[in-house]
Amino acid sequence: MHDLVPTLLLVCVLQIGQAVSGPAWGALIPRIVGEELIGRTTGVSQALVGVATLAGSAAGGLLVGWSGSRGALLVDSATFLVLVVVAALVRTRRRPEPGADVEKGGVSAGLRSIFGDGVLRILVPGLWVFVLVGEAVNVVEVFLITGELGLGPSGYGAAGAATGAGAILGAWYSGRLRSDRTRTRGVVAGMAAIGTACVVIGLAGNFAVLLVGATGIGLGSGMLNAATSALVVTRSTDAVRGRVIAALNGTARSCSIFAMLLGGLAGTLLGPRGTFVTGGVACAVAAAAVGALVVRVKDSELEVISH
């Protein structure tokens with residue numbers, strides 16, 4: 001118990017650092033690769049993150065077994081020092097243009113930019129609802145796999161690996177989308193895929209069906225995340241890109257917190273299977289609603305920026 005408070009404080013420090021570095025890096029990417037390669041770079045980078053996540057999970061297990069949790073955390077800390085060195089080697093800089101008006105506000109400026117765009121004002125609120133409903137199933141996932149299906153820790157790990165593999169494929173595919181129209185369709189398709197996969201998992205009666213559903217969730221998540229990230233960057237002006245990304249990340253993570261509470265309540269009332277099926281149907285409905293609204297957006301407005 002005496003280690004709990006410093007541990008929580010250090011976790012908060014870690015999250016604050018990531019909350020700052022993530023938007024900064026996202027806003028810097030267009031300057032590094034050029035505007036025309038934003039979509040491909042976003043897809044490839046998120047696919048590589050998926051690969052690194054799978055490799056990191058395996059390495060973490062080996063490190064804990066070899067040196068314990070403290071040793072594993074020390075090694076992990078050293079990797080952050082490597083990231084500092086890599087960041088220092090990046091020579092690209094973003095500086096305000098002389099005489100340019102600087103828009104006031106942090107997250108508020110990012111939200112104004114989002115709601116000022118005809119596409120993002122539909123996709124981002126839809127994403128908030130989607131995160132709130134879709135991530136609620138994460139709370140009961142372990143109970144469904146280890147309890148309802150009786151697969152144990154190995155089955156739970158295999159499902160996680162299938163989700164990660166699907167996310168890699170989805171992000172890679174999203175990087176091949178070349179226009180805002182196709183990326184928007186990718187967002188809607190990702191939402192629909194996750195909703196359908198949640199229903200499949202909720203109805204799964206064996207390990208094979210579970211893996212199909214887990215792969216579908218990963219595929220949809222990878223496509224959804226990469227396509228949304230590319231759209232947010234390409235459809236935001238350079239001056240506010242960092243703040244737009246920060247606004248998107250911050251609001252989405254806030255929805256994740258409420259999703260945990262919602263998942264706990266749903267799990268108590270509906271059980272693990274009922275939570276997955278209900279959440280999946282809600283996600284599919286949200287995908288249909290977002291898709292119907294996007295279809296009504298004129299091509300001239302949708303393709304105003306395309307890379």
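Helices here are DSSP runs of H or I with at least four residues, strands are runs of E with at least two, and both are numbered from the N terminus. Residue numbers start from 1 along each chain as its sequence is written. I am working on a predicted model, where local features need pLDDT of at least 70, side-chain atom pairs count only at pLDDT 80 or more, and totals for chains, interfaces and linings use all residues, while side-chain values use heavy atoms, with hydrogens and water left out.

**Entry: Thr234**

I began with Thr234, which sits in helix H8, residues 207-234. For burial I use relative accessible area: buried is under 20%, exposed is over 50%, and partly exposed is in between (1.4 Å probe, protein chains only). Thr234 comes out at 1% relative accessibility, so I logged Thr234 as buried. What does the side chain of Thr234 reach? I found the backbone oxygen of Leu231 at 3.3 Å. That passes as a polar contact, meaning a pair of N or O atoms within 3.5 Å; within protein, one must be able to donate a hydrogen and the other to accept it, and residues adjacent in sequence count only if both atoms are side-chain atoms.

**Entry: cysteines**

How many disulfides does the whole structure hold? My search found zero, taking a disulfide as a pair of cysteine sulfur atoms within 2.5 Å. Cys12 is in none, and the nearest cysteine sulfur to it belongs to Cys255, 19 Å away. Cys255 is in no disulfide either; there the nearest cysteine sulfur is that of Cys283, at 12 Å. Cys12 is partly exposed because its relative accessibility is 45%, and Cys255 is buried because its value is 16%.

Not counting residues up to four places away in sequence, Phe276 touches Val137, Val140, Glu141, Leu144, Cys198, Val199, Ile201 and Gly202. Contact here means heavy atoms within 4.5 Å.

**Entry: H3 and Ser113**

Helix H3 covers residues 107-115, and its buried residues are Ala109, Gly110, Ser113 and Ile114. Their arc around the axis is only 140°, so they lie on the same side of H3; the arc is taken from the directions from the helix axis to the C-beta atoms. What do the buried residues of H3 pack against? I got H4 and H9.

Ser113 in H3 has 19% relative accessibility, so Ser113 counts as buried. Leaving aside neighbours within four places in sequence, I see Ser113 in contact with Ser236, Val240 and Val244.

**Entry: H4**

I checked the length of H4. Its 15 residues at 1.5 Å a residue should span 21 Å, and the end C-alpha atoms are 20 Å apart, which agrees. The expected span is 1.5 Å times one less than the number of residues. Among the buried residues of H4 are Leu120, Leu123, Leu127, Trp128, Phe130 and Val131. The buried residues of H4 pack against H3, H7, H8 and H9.

**Entry: pairs apart in sequence**

Last, I looked up some C-alpha distances.

- Ser21 is in helix H1, residues 4-33, and is partly exposed at 42%.
- Gly160, in H6, is partly exposed at 39%. Gly160 and Gly218 are 58 residues apart in sequence and 9.0 Å apart in space.
- Leu169, also in H6, is partly exposed at 48%. Leu169 and Gly222 are 53 residues apart in sequence, and 7.1 Å separates their C-alpha atoms.
- Val297 lies in the loop between H9 and helix H10 (299-302), and is buried at 11%. Val297 and Thr146 are 151 residues apart in sequence and 45 Å apart in space, C-alpha to C-alpha.
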